[in-house]
Amino acid sequence: MNVATTTPPVIRLEGVTRVYSAGSNAVRALDGIDLAVARGELIAIMGASGSGKSTLMNILGCLDTPTAGRYELDGVPVNGLSRDELADLRSQKIGFVFQGFNLLARTTALENVELPLLYDRTGRFAGRASPAPEALRRVGLAARMHHVPSELSGGQQQRVAIARAIVTGPSLILADEPTGNLDSHTSIEIMALFQELNAQGITIVLVTHEPDIAQHAHRVVEMRDGRVLRDEPVAAPRDARRELASLGAAA
Amino acid sequence: MRKRALFGIATRSILRNKLRTLLTMLGIVIGVAAVIVMVALGQGAQAMIEKQIKGLGTNMLMIMAGSTSQGGVSQGAATFNRLTIPDAEKLARESTLLSAVSPVIFSRGQLIGGIGNWRTMIMGVAPSYQAIRDWPMQSGNFFTDADLRSVRRVVVLGSTVAKALFPDEDPVGQQLQLRNVPFTIIGVLAPKGQTAGGNDQDDTVIIPYTTAQAHLAGHSRIGQIIASTFSPSDLPAAQQEIRQIMRDAHKIAPGDDDDFTIRNQDDIAAAASGSTRVMSLLLAAIASISLVVGGIGIMNIMLVSVTERTREIGIRMAIGARGGDVLAQFLVESVVISVAGGLIGIVLGYLAGFALARATGWAVAMPPDAAVIAVLFSAAVGVFFGFYPARKAAALDPIQALRHE
Ligand SMILES: Nc1ncnc2c1ncn2[C@@H]1O[C@H](COP(=O)(O)OP(=O)(O)OP(=O)(O)O)[C@@H](O)[C@H]1O
Ligand SMILES: [Mg+2]
């Protein structure tokens, strides 16, 4: 990709290893991962269960730190940062989307989306109108702002979660099986949303088990036993919006 | 703005579990209510005692039989009743600083007259008693030195006795049987109210001490001698003077202990507040136990809350909350619970104080600073007992927390 050569990568991993020491036997969940993700990319990570995808996402998301190897996020070396510094990096640079949505129950969509603003320490949002309604509008949920999660469908809940992920304008969105709990049609709708946000310049890394979903990315990384087995660009990425249109025509 | 958000989160989470929160607060509520009642009673009693000390009469001194100087124990029956009329007369004669002296002979007895009969306290005193106690008349007159010398059977009624036996008429001039001896009523004293111990000072009749000795003999003893000085600044010197005269009268060898006790108004006030202090200590014990139990209740419920909301904590951490943010959130929550409990406790405490005042007739003072202290104290309980659960929440690993069911 051209973009990758002109701007520094959002993610640069060199020999990243993560060892879980559960008692006497240690598990090498990640075993020397080298990976670079350029700004503006949409990449999919695939692999069998237990291959280390979630472990890698946790490290990319600064929720966990590597046992060995280097990780640079947006040019900032993550190794050796304190808990608070990691929290600040998450607050400023990362948006998470989870398989189980992970919205706060009995809390409206708008309040859920406003949550990351509460923990902002840069003061970027002080004294301005809240960016939360705009984020909800971008995911197509402006009309559901005051609904609580139990009043929303799975796809709508995931949209709220995506709005929460983008509300602070992060460099990177990390989504671990974002369509895992959704039917295929809703999954394509969510992928359409990711493609739209990606087109607006947001870098996205997502984990998926479904090859069809992975085909919406620019690039697919396949893992096995904590290593990168394959790392290939997708020849002709699918366009989710066009798929939805043809599905609608068929129905 | 962040602070307001923290309070918002805390109050919302508290309102979500109304009953649970209310039960959690109970210990704090009771503890703070007990503190408020304690302070209200203590201050009320203090105010009452001060008022009463003034009511005792100005510059008053009291001489009682028995020594309390060493160990506070009087030396048995043999030396107990050692105050005599001659002691009182000698004091009146020899002292230079005392304006008036009167013996007081205490006795109890049945009165018959007016509309029925009445059991009350009988005091035999000198005419100067009225001035020493600063006790005005409601009607009629106090008896005179002539009455005293002639051992006349005249009586002055306390207002409670007058009301009980002569509800509809002025008793002055009427006859009365006092232990079957006929007396003429010559006056009624103005009401003086209750003592700190709750005794009605107006439930009494007063007769000349000579008459008491002559007609109530065998049933009377000199309980005390009361005296007053010309001015309050004479009190310490007068105490010394009385001591010398009394030691002389009782022929006490130098180096031996006094067989009498002299008390001034401060001593009397201290004795009176001693009894309310026991009550206060009891309430303080209840209060501190309730506050500790209440604090443990808060700690318990906060630990439950941290476990219930582990996933929420994980979400907050994933989107950028620091450990300190989570700590603050849970600490604010426990402080909001404890302060809310404290506020309810203040209201209940004040209500209980007023109810107690109505039911018992005790004086109850409601100092506003007690409420401020109670709020600060319950906040401190919230911080102290909320800290451990809050720190536990803050120390959670975000990955584990997000996986929590
Ligand atoms: N906290 C942990 N302690 C010990 N071992 C762990 C821990 N978390 C993960 N592992 C192990 O690390 C390996 C990789 O796990 P990971 O969750 O990253 O797999 P995954 O690729 O996300 O699998 P799935 O597709 O099922 O979600 C597994 O063998 C797992 O058992
Ligand atoms: Mg996984």
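This is a predicted model: local features need pLDDT of at least 70, side-chain atom pairs count only at pLDDT 80 or more; totals for chains, interfaces and linings use all residues.
1. The six-stranded sheet. In chain A, six strands make up an open sheet whose order is 6-7-8-3-9-10, and the pairing within that sheet is mixed. Strand 6 (94-97) and strand 10 (227-233) of chain A are the edge strands, and each has a single partner, so one side of each is left without a neighbour in the sheet. From one strand to the next, the twist averages 20°.

2. Parallel pairing around strand 3. Strand 3 (residues 42-47) of chain A runs parallel to strand 8 (residues 203-207) of chain A, and four bridges join the two; within this pairing, A:I43 has A:V205 of strand 8 as its bridge partner. Strand 3 of chain A also pairs in the parallel sense with strand 9 (residues 219-224) of chain A, in this case over five bridges, and here A:G47 is found opposite A:M223 of strand 9.

3. Strand 9 and strand 10 of chain A run antiparallel and are joined by six bridges, with A:V221 standing opposite A:D231 of strand 10. The hairpin that these two strands of chain A form has two residues between the strands, and A:D225 takes a positive phi near 50° in it.

4. Helix 3 (residues 83-93) of chain A lies across strand 6 and strand 7 (172-176) of chain A, and its direction makes an angle of about 80° with strand 6 of chain A.

5. The four-stranded sheet. Chain A also has an open sheet of four strands, in the order 2-1-4-5, with antiparallel pairing. The edges are taken by strand 2 (25-37) and strand 5 (76-77) of chain A, each of which has a single partner strand, so one side of each is left without a neighbour in the sheet. Strand 5 of chain A is joined to strand 4 (residues 68-73) of chain A by two bridges, the two strands running antiparallel, and A:E72 stands opposite A:P77 of strand 5.

6. The hairpin of strands 1 and 2. The antiparallel pairing of strand 1 with strand 2 of chain A extends over 10 bridges, and A:A22 stands opposite A:N25 of strand 2. The two strands of chain A form a hairpin with two residues between them, and in the turn A:G23 has a positive phi of about 70°.

7. Helix 2, from sheet to ligand. Helix 2 of chain A lies across strand 1 (11-22), strand 2 and strand 4 of chain A, at about 120° to strand 1 of chain A. This helix of chain A also gives three residues to the shell around ligand 1, which is the largest share of that shell.

8. The site of ligand 1. Ligand 1 lies between chains A and B, and of the 14 residues around ligand 1, those that come nearest are A:S49, A:G50, A:K53, A:S54 and A:T55. By class, the shell is made up of three nonpolar, eight polar and three charged residues.

9. Polar contacts of ligand 1. Which residue has a polar side-chain atom 2.6 Å from an oxygen atom of ligand 1? That residue is A:T55, while an N or O atom in the side chain of A:S54 is 2.7 Å from an oxygen atom of the ligand. From A:S51, a polar backbone atom is 3.3 Å from an oxygen atom of ligand 1. Taken alone, ligand 1 exposes 630 Å², and 69% of that is buried by the protein. Helix 2 (53-60) of chain A and helix 13 (398-403) of chain B are the elements that give two or more residues to the shell around ligand 1.

10. The axes of helix 7 (residues 184-199) and helix 9 (residues 240-250) of chain A come within 8 Å of each other, crossing at roughly 145°. On the side of helix 7 of chain A, the contact is made by A:H185, A:I188, A:E189, A:M191, A:A192, A:Q195 and A:E196, and on the side of helix 9 of chain A by A:A240, A:R241, A:E243, A:L244 and A:L247. Sorted by class, this contact between helix 7 and helix 9 of chain A has six nonpolar, two polar and four charged residues.

Notes
Residues are numbered from 1 along each chain as its sequence is written. Chains are lettered from A and ligands numbered from 1 in the order in which they are written. Side-chain values use heavy atoms; hydrogens and water are left out. Two strands pair if DSSP finds at least two bridges between them. Axes are lines fitted to C-alpha atoms, for helices over the stretch in contact, and angles run from 0 to 180 degrees between N-to-C directions. Contact means heavy atoms within 4.5 Å. A residue is near a molecule or strand if one of its heavy atoms lies within 4 Å of it. A polar contact is a pair of N or O atoms within 3.5 Å; within protein, one must be able to donate a hydrogen and the other to accept it, and residues adjacent in sequence count only if both atoms are side-chain atoms. Accessible areas come from the Shrake-Rupley method with a 1.4 Å probe; for residues, only the protein chains shown count as cover. Ala, Val, Leu, Ile, Met, Phe, Trp, Tyr, Cys and Pro count as nonpolar, Asp, Glu, Lys and Arg as charged, and the others, Gly among them, as polar.
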